[in-house]
Amino acid sequence: MKVHELHGNLRRVRCSRCRAPYDNSLFLERDDCPACGGPLRPGVVLFGEMLPEGPMDAAEELSGTASSFLVLGSSLEVSPANAYPMLAKRAGAKLFIINMTPTQLDYMADGVIHGDIVETLEEIEKSVSRGSGRRE
Ligand SMILES: [Zn+2]
């Protein structure tokens, strides 16, 4: 499975000046870029920064062609990621939402569970295992 990380990840750091990416282990040794001396920063998108176009394009394309769309632990309050489930639903996907609290898209979902993600997914996994005849 390919993951398109809209907000980056903490496995990488990058230079604030030349944008060169590095493994986060470099940050334990130094806080400046080996190439240009610029300050290193986490490889994530911080509040107020633009999301990367590549992952956003991929998310939009996949949302428009998915047969099902699963939202895990999101309030669905923040754009643009909160548009993807609606895009998928309008393109014919089944929409399922697992979140602790109600979301603005609960009304259009094919299934909604308000609960802990880990506990809920473990219950689903057990149910699917029982249904397929597998024994624990
Ligand atoms: Zn640099």
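**Figure 1. R19 in the loop between strand 1 and strand 2.** R19 lies in the loop that runs between strand 1 (8-15) and strand 2 (21-23); strands (E, at least two residues) and helices (H or I, at least four residues) are DSSP runs, numbered from the N terminus. The model is predicted: local features need pLDDT of at least 70, side-chain atom pairs count only at pLDDT 80 or more, and totals for chains, interfaces and linings use all residues. Residues are numbered from 1 along each chain as its sequence is written, and side-chain values use heavy atoms, with hydrogens and water left out. Although R19 is not a glycine, its phi is positive, at about 70°. Most residues other than glycine have a negative phi. R19 counts as exposed because its relative accessibility is 54% (buried means under 20% relative accessible area, exposed over 50%, partly exposed in between; 1.4 Å probe, protein chains only).

Figure 2. C15, C18, C33 and C36 coordinate the zinc ion, each through its SG atom, at 2.2 to 2.4 Å. Donors are N, O and S atoms within 2.8 Å of the metal (3.2 Å for Na, K and Ca); water is not among the atoms, so sites may look incomplete. Along the chain, the donors follow the spacing C-x2-C-x14-C-x2-C. The arrangement is tetrahedral because the four donor atoms subtend angles of 97 to 117° around the zinc ion (for four donors, all angles must lie between 85 and 135 degrees). C15 is buried, at 0% relative accessibility, whereas C18 is partly exposed, with a relative accessible area of 39%.

**Figure 3. The packing of helix 2 and helix 3.** Helix 2 (residues 53-65) packs against helix 3 (residues 83-90) at an angle of about 30°, and their axes are 7 Å apart. Axes are lines fitted to C-alpha atoms, for helices over the stretch in contact, and angles run from 0 to 180 degrees between N-to-C directions. The two helices are therefore roughly parallel to each other (angles under 35 degrees). Helix 2 contributes M56, A59, E60, S63 and G64 to the contact, and helix 3 contributes Y84, L87 and A88; contact means heavy atoms within 4.5 Å.

**Figure 4. L76 and P80 in the loop between strand 4 and helix 3.** L76 is placed in the loop between strand 4 and helix 3, and P80 is found in the loop between strand 4 (68-72) and helix 3. L76 is not a glycine, yet has a positive phi of about 55°. With 4% relative accessibility, L76 counts as buried. S79 and P80 are joined by a cis peptide bond, with omega about 5°. Most peptide bonds are trans.

Terms used. Tetrahedral: all angles 85-135°; square planar, octahedral: opposite > 155°, others 65-115°. Parallel < 35°, antiparallel > 145°, perpendicular 65-115°, else oblique.
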